[in-house]
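Trainee: I would like to go through the terms used for this model and see what each one rests on.

Mentor: Then ask for the value behind each term, and we will set it against the cut-off.

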Amino acid sequence: MGSWPDTMKDAATVGRIFKIIRDRGPLSGSDIVRWSGLAKSTVSVNVDRLVSAGLVREEAQPDSKRRKLKVAENAGHVIGVDIGQTHLAVGLCDLEALVLDSVRIPIELVKQGPEQVLERVCALIDGLVLKAGVERKDLFGIGIGVPAPVDFARGMPVSPPVMPGWDHFPVAATLQERFACPVFLDNDVNVMALGERDRGLAQNADSFLFVKVGRGIGAGLVVHGEIYRGAKGAAGDIGHIGIDGDSTPCRCGNLGCLEVVAGGAALQAQAAEAASTGRSPFLAERWRQGDEMGAETLALGAAAGDPFALALVMESGKAVGTVLAKLVNFFNPSVIVVGGRFAHLGERYIASIREAVYRRSTPLATADLVIKRSQLGDEGGVVGAAVLVLDEILSHRNVSKILEETNDGHQP
Ligand SMILES: [Zn+2]
């Protein structure tokens, strides 16, 4: 041990100060006193510890002579991994989850087992680390998002509907063995919500919802800055909430689930049918030219005023909004960020979601509610996975552990 008594209280204090700097920095010493409510001397002693351990640095401010404290973003690196149904993206990030370099390749998750995909992940990580000249000891951890329910504590997918062979596969343990650093696995939607919290549109929101509209539909709930996973890790699975009056059969065995009404796969199937039958002249023409009947084509159709495309975009927005209205009444978020590939259906889509939410939620719950489309784009999954690992390795407890190791001379 170093010169600091290893008491729980000290550990909690330094961890708390670091979290304030991470969430709100750059900050002056007196800002930290104000945010923490701690004595000036306590703040000063702990800030010194963080600075000498290399986790926090001083930064000159352009508008004043005073220097402010922020996370030493270059003190180490983390890896963010985004495993999707048709893509695999890996990014090398700094300690503020800024993506320094990344690679993205196509995969077919339903056909490739965990061994094959994780082998690719390892190769991509090795490539990035080598290229950047990052040393093993400076790789603080790896975060991974997968399109499946996840047992977070054990780092494995549980009963994934679209990932044959991945059920209870030890994903985190496999990578941990290979890279000798902490590895964390979570559901892709939770991961993307964390990305919005740290680098997206929910940076000042204490409690918010992230909704991913991909082939399916899911939500990530952030409560007081932290992901709410629920009793079994299934929180936010909103794709199977029923739409009143709809009787379309869903793969889950129920009728009229949000996913079969407004999920990307459902929209794609309806667009393809309208194209092949000529019901939508716009889509039929695109179809002849070989375009995919995806979000982009539908958005173009709606923008061009094609009645079928416009109706489909607005109907799906209304269905999403109707379910979100129930969640708004129940959860009262301050922000809803809508992301995923099928969130890119144009302004009419977001407007339809807003309209349904405002119509069906209570006035108090919607008083200052903001509903926006994610701006993180394809990078959202990688950024979020980096934030996931940063949250864990730089948690209250771990920060004090890092300081102890520094005092013992285990780290530079
Ligand atoms: Zn269902």
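**Helix pairs**

Mentor: In this predicted model, the axes of helix α8 (residues 264–277) and helix α11 (residues 307–331) come within 11 Å, crossing at roughly 165 degrees.

Trainee: What makes α8 roughly antiparallel to α11?

Mentor: Angles over 145 degrees count as roughly antiparallel. The crossing of α8 and α11 is at roughly 165 degrees, so α8 is roughly antiparallel to α11. The crossing is right-handed.

Trainee: Which residues of α8 and α11 meet?

Mentor: From α8 they are L267, Q270, A271 and A274, and from α11 they are F308, L312 and S316. By class, the residues of this contact of α8 with α11 are five nonpolar, two polar and no charged.

Trainee: Why are α10 and α11 called roughly perpendicular?

Mentor: The range for that term is 65 to 115 degrees. The axes of helix α10 (residues 295–303) and α11 cross at roughly 115 degrees and come within 7 Å. The two helices are therefore described as roughly perpendicular to each other. Here α10 passes α11 in a left-handed crossing.

Trainee: What does α10 bring to its contact with α11?

Mentor: L298, G301 and A302 of α10 meet A309, L310, L312 and V313 of α11. The residues of the contact of α10 with α11 divide into six nonpolar, one polar and no charged. The polar class includes Gly.

Trainee: What is the crossing angle of α4 and α5?

Mentor: Helix α4 (residues 114–132) and helix α5 (residues 171–179) cross at roughly 40 degrees, and their axes come within 11 Å. Roughly parallel needs an angle under 35 degrees, and roughly perpendicular needs 65 to 115. The crossing of α4 and α5 is right-handed. Its contact is made by L118, E119, V121, C122, I125 and D126 of α4, together with V171, T174, L175, R178 and F179 of α5. These residues divide into seven nonpolar, one polar and three charged.

**Strands and sheet**

Trainee: How do you know that strand β9 is largely enclosed by the rest of the structure?

Mentor: A residue counts as buried under 20% relative accessible area. In β9 (residues 183–187), five of the five residues are buried, so the strand is largely enclosed. Strand β6 (residues 139–146) runs parallel to β9, and five bridges join them. I144 stands opposite L185 in β9.

Trainee: What makes β10 and β11 a pair?

Mentor: Pairing takes at least two bridges. Strand β10 (residues 208–213) and strand β11 (residues 217–223) have six, in the antiparallel sense. F208 stands opposite V222 in β11.

Trainee: What is the order of strands in the open sheet?

Mentor: The order is β12-β11-β10-β13-β14, five strands with mixed pairing. Why β12 (226–227) and β14 (370–373) count as edges follows from their partners: each has a single partner strand, so one side of each is left without a neighbour in the sheet. Helix α11 packs on this sheet, touching β10, β11 and β13 (335–339), and its direction makes about 160 degrees with that of β10. Helix α12 (residues 347–360) lies across β10, β13 and β14, running at about 160 degrees to β14.

**Single residues**

Trainee: Why is R279 called exposed?

Mentor: Exposed means over 50% relative accessible area. R279 is at 61%, so it counts as exposed. R279 is found in the loop between α8 and α9 (281–288). Leaving aside residues up to four places away in sequence, R279 touches A274 and F308. R279 and F308 are 29 residues apart in sequence, and their C-alpha atoms are 7.5 Å apart.

Trainee: Is A97 buried or exposed?

Mentor: The relative accessible area of A97 is 0%, and buried means under 20%. A97 is therefore buried. A97 lies in the loop between β4 (87–93) and β5 (99–106). Its phi is near 65 degrees, a positive value in a residue other than glycine.

Trainee: And is H224 buried or exposed?

Mentor: H224 has a relative accessible area of 60%, and the cut-off for exposed is over 50%. H224 is therefore exposed. H224 is found in the loop between β11 and β12, and has a positive phi of about 45 degrees although it is not a glycine.

Methods
Residues are numbered from 1 along each chain as its sequence is written. This is a predicted model: local features need pLDDT of at least 70, side-chain atom pairs count only at pLDDT 80 or more; totals for chains, interfaces and linings use all residues. Side-chain values use heavy atoms; hydrogens and water are left out. Axes are lines fitted to C-alpha atoms, for helices over the stretch in contact, and angles run from 0 to 180 degrees between N-to-C directions. Helices (H or I, at least four residues) and strands (E, at least two) are DSSP runs, numbered from the N terminus. A crossing is left-handed if the near helix is turned anticlockwise from the far one by less than a right angle, and right-handed if clockwise. Contact means heavy atoms within 4.5 Å. Buried means under 20% relative accessible area, exposed over 50%, partly exposed in between (1.4 Å probe, protein chains only).
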